[in-house]
Every structure is written in C-alpha cells, then in structure tokens.
Amino acid sequence: MRNLEACRGGRRRAASAAAVMLAVACAVDPSGAAAAEAGKVRVGLMLPYTGTYAALGHAITNGFKLAVSERGEKLGGRGVEYFTVDDESDPAKAPENATKLVKRDRVDVLVGTVHSGVALGMAKVARETNTLMVDPNAGADELTGALCAPNIFRTSFSNWQPAFPMGKVAADMGHKTAVTFTWKYPAGDESVGGFKDGFTKAGGKVLKDLTVPFPNVEFQALLTELASLKPDCVYAFFAGGGALKFIKDYAAAGLNTRVKLYGPGFLTDGVYREAGAAAEGLKTTLHYADDLDTPLNKKFRADFKQRTGREADVYAVQGYDTGTFLLQGLDAVKGDVGADKALVKAWEGLTIDSPRGVFKLSPSHDPIQDIYLRQVTGGQEKLLGVAHKALADPGTGCKMT
Ligand code: BEZ
C-alpha cells in the first residue's frame, strides 16, 4: 500500500540522483519491488508512554523490538526505522497523532495502540489513508467487528474474548449474583458485556454496573456502595496503574476476604507483584499465563528479562507477537510493503507461534486463541487450566470489502 506512494513521491521529487534512480526503477517495475529495496521499513509506534497505561506501552515496544532484534534488526530482509508517538491514552489526540505518523513520517505500517478509544481514532486514519495497521493490544470489539477492514489486523484480543469465559467460571464457582466495576469507556463496557454474556447464560444475575470515568482512580465511594449491594462476586476491568490502585483499595476496604473479585487478566498482569498480599488469591482469565510450559515461552521470558531487566507480561507478549507478525508477513513478500494484496493474504494465512501458544487469525483479523484461568498464589501468577479452548470473537457486523 505504501511503497506505491514512494514511487509516486519519487517521481514528484526526482531532483536528487537517488530519487531519479527510484523514479526509473518504479517506471520499470511499477509493482514497487524496487522501491521496497530502496530503504528501511518505516514502522510507526503509536502507544502510551505516559499516564496510567505507560507501562503497557513500554512493554509492547520492548516486546516488539525483541522480536525484530532476534532477526538481525530486519523485516523482510530490510532494515527498520522507528517513528514513535506518545498517544497519552487520549482519544481526542488520536487522529492528529496517527496523521502525523502517516503524512509527516510516511510510515509503512502503524503499530498501536493500548486504549480502545484511541485505537478507534487511529483506525479511522488507517482506513482513510489505506495504511496498514496492526493493533498489539486495544480490544475495541468493533475494530474486528463492524469496523473491520482488509488493512487492519489485531494480534491481541477483542474485549469480549477474555471476559466471556470468566462469566461461566464465576457461575461454576457457585456464584449467583455479581456487581461489575470498571472505567466508563469502550474497553470497560465491552469487557463487562462479555462477562455478563457468559454469567447470565450460565444462570447468574448482575445486580449493578458501577463505573468511574477513565482514568479516574477514586474508587472509595463506589466500593462502599458495592459492599452494601452484597453480591456473591465482583467482576472488574482495570489495567496498568489503575488496576494496581483498584486491587489495593479493594483489599484496604476489607472486601477481598468477603466478596470474591474476578476480572480479565489485565487486572493482575504487570501489577500483581507490586500489589503483594492484596492480589493474593485473585482469579482471572486471559490469553496468556506466565508459567505456560513451552520452550518458546521460557525462552521469551528469559530473553525479555535479560534485555529489559523486567518480567514479561501479556503486553510484552503481544508486542513480541506483533513483531513476529510483521516479520513473517514481510518475509512472505520479500520486504515489499507495497505488495498490499499479497501481504494481506500472507497475514491472513499465518500461524503465529507465540509464547501464549499457537494462534491464527479469524476472518475478521482477530486471534483465535485459548483463554487460560490463572490465580495469584504465593506471589506468583499460576496457570490453573484452559477456561475456553480456541475462542474466536464473533466478529459481529464485519464485512471485508
Ligand atoms: C483497551 O482499552 O482496549 C485495553 C486497555 C488495557 C488493557 C486491555 C484493554
């Protein structure tokens, strides 16, 4: 998609010797293969590096760069140039930030982001400019649902995906009633929707949905209300700094010994060590578990630790898998990012060998993957089993055109 523009741009700018050579090459080879050889693959990383999701953005970036460095800093045989924007998890700034990467930096592919609302704004720019976009976290259901597009791919999850199995898990534990608690934005709403879907199908009843605006972490008043509702259990969606604060506040209010708290794994990933005793016993569902017993997961965790000094989490895995996804797709088209149809076809057919286990993409470009049940025990997040095998998001409303 992008290097055909390089050919057009090369013709417009044919003043320098290099531009003349590029223009000649493009005239001889309009498919853009010559342009592909002409330079580095330009990767636009649009992620949060400040705010409540900062740690997530850094983990994704580190995971992505680890995958690329394992392959000699090359994608499809070409070097890589990174262009980075801190999106601050601010949906209002998303169109401008994404446009900067596409128009000013002329990136070949947009990689981002974490926050569902920001991802929706970014995807709008990707659709309008026909730029390839790979989403390494944001779960906005619509991205691989009604707003799906041939040039938009997700290597992470839909918000519904890890939440739905938790509904059945909670019901199977004998809980009849639940209260939900989340930030009021698409990811929170959709995660709660997934949980309700699973819980009510299994016979449970949700008494009330409690919300705070994103990224507010003043939970006290609603925790008091929650206690008065006396549910059998609570389902909460929070992540990053907000998840850490929620887990601590929940325990400080004495609720952790009275009302079982569940959530998607974002509630504990990256924060359970720091939460300490407040996180003990928490059960969550997610498409990753630290202690998955595979050679790739062990190697990935060791390499990530060595490179960053940090323990890997689901965000690091998603970054790593996004790097692998780009590597394998660009290898298939020999680095020619302009071979759009061939690249899309290659990505649609890929089997990704991930630290989370092997996965492929659904027709709407979202991973079909196992969802694991985990529990924080003795200061470690332990795998309890598979909550749902090979779960595919329904991709509701997706029509690829
Ligand atoms: C989201 O906004 O989609 C999201 C953010 C953090 C963790 C999981 C999902």
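Which residue in β10 does Cys233 stand opposite? In the predicted model described here, Cys233 stands opposite Lys260 in β10. The model is a prediction in which local features need pLDDT of at least 70 and side-chain atom pairs count only at pLDDT 80 or more, while totals for chains, interfaces and linings use all residues. Residues are numbered from 1 along each chain as its sequence is written, and side-chain values use heavy atoms, with hydrogens and water left out.

Helices (H or I, at least four residues) and strands (E, at least two) are DSSP runs numbered from the N terminus, and two strands pair if DSSP finds at least two bridges between them. Strand β9 comprises residues 233-237, and five of its five residues are buried, so β9 is largely enclosed by the rest of the structure. Here, buried denotes under 20% relative accessible area, exposed over 50%, and partly exposed in between (1.4 Å probe, protein chains only). In a regular strand the side chains alternate between the two faces of the sheet. In β9, Cys233, Tyr235 and Phe237 point one way, and Val234 and Ala236 point the other way. Strand β9 is joined to β10 (residues 260-264) by three bridges, and the two run parallel. With β7 (residues 177-184), strand β9 forms five bridges, again in the parallel sense; Thr180 has Tyr235 of β9 as its bridge partner.

Strand β10 also pairs with β11 in the parallel sense, over three bridges, and the bridge partner of Tyr262 in β11 is Lys283. Both faces of β11 (residues 283-286) are covered, with Lys283 and Thr285 buried on one side and Thr284 and Leu286 buried on the other. Four bridges connect β11 with β14 (residues 367-377) in an antiparallel arrangement, in which Thr285 stands opposite Leu373 of β14.

His175 is placed in the loop between α7 and β7 and is buried, its relative accessible area being 13%. Its side chain makes a polar contact of 2.7 Å with the side chain of Tyr262. A polar contact is a pair of N or O atoms within 3.5 Å; within protein, one must be able to donate a hydrogen and the other to accept it, and residues adjacent in sequence count only if both atoms are side-chain atoms. Not counting residues up to four places away in sequence, His175 touches Ala170, Phe199, Asp232, Cys233, Lys260 and Tyr262, where contact means heavy atoms within 4.5 Å.

A further set of six strands forms an open sheet of mixed pairing, in the order β2-β3-β1-β4-β5-β6. Its edge strands, β2 (74-75) and β6 (152-154), each pair on one side only. Strands β5 (residues 132-135) and β6 pair in the parallel sense over three bridges, and Asp135 has Arg154 as its bridge partner in β6. Helix α4 (residues 54-70) lies across β1 (41-47), β2, β3 (78-86) and β4 (109-111), running at about 160 degrees to β1. Axes are lines fitted to C-alpha atoms, for helices over the stretch in contact, and angles run from 0 to 180 degrees between N-to-C directions.

Thr155 lies in the loop between β6 and α7 (160-172) and counts as buried at 1% relative accessibility. The side chains of Thr155 and Thr322 are joined by a polar contact of 2.7 Å. Residues touched by Thr155, beyond those up to four places away in sequence, include Val134, Asp135, Arg356 and Pro367.

There are 15 residues around the ligand, of which Val114, Ser116, Gly139, Tyr185 and Ala187 come nearest; a residue is near a molecule or strand if one of its heavy atoms lies within 4 Å of it. An oxygen atom of the ligand is 2.5 Å from an N or O atom in the side chain of Tyr185. The protein covers 100% of the 260 Å² of accessible area that the ligand has on its own, as computed by the Shrake-Rupley method with a 1.4 Å probe; for residues, only the protein chains shown count as cover. A polar side-chain atom of Ser116 lies 2.6 Å from a ligand oxygen atom, and a backbone N or O atom of Gly139 lies 2.9 Å from an oxygen atom of the ligand.

Most residues other than glycine have a negative phi, and most peptide bonds are trans. The peptide bond from Gly112 to Thr113 is cis, with omega near 0 degrees, and a cis peptide bond also joins Phe214 and Pro215. Lys334 has a positive phi near 55 degrees and is exposed, with a relative accessible area of 70%.
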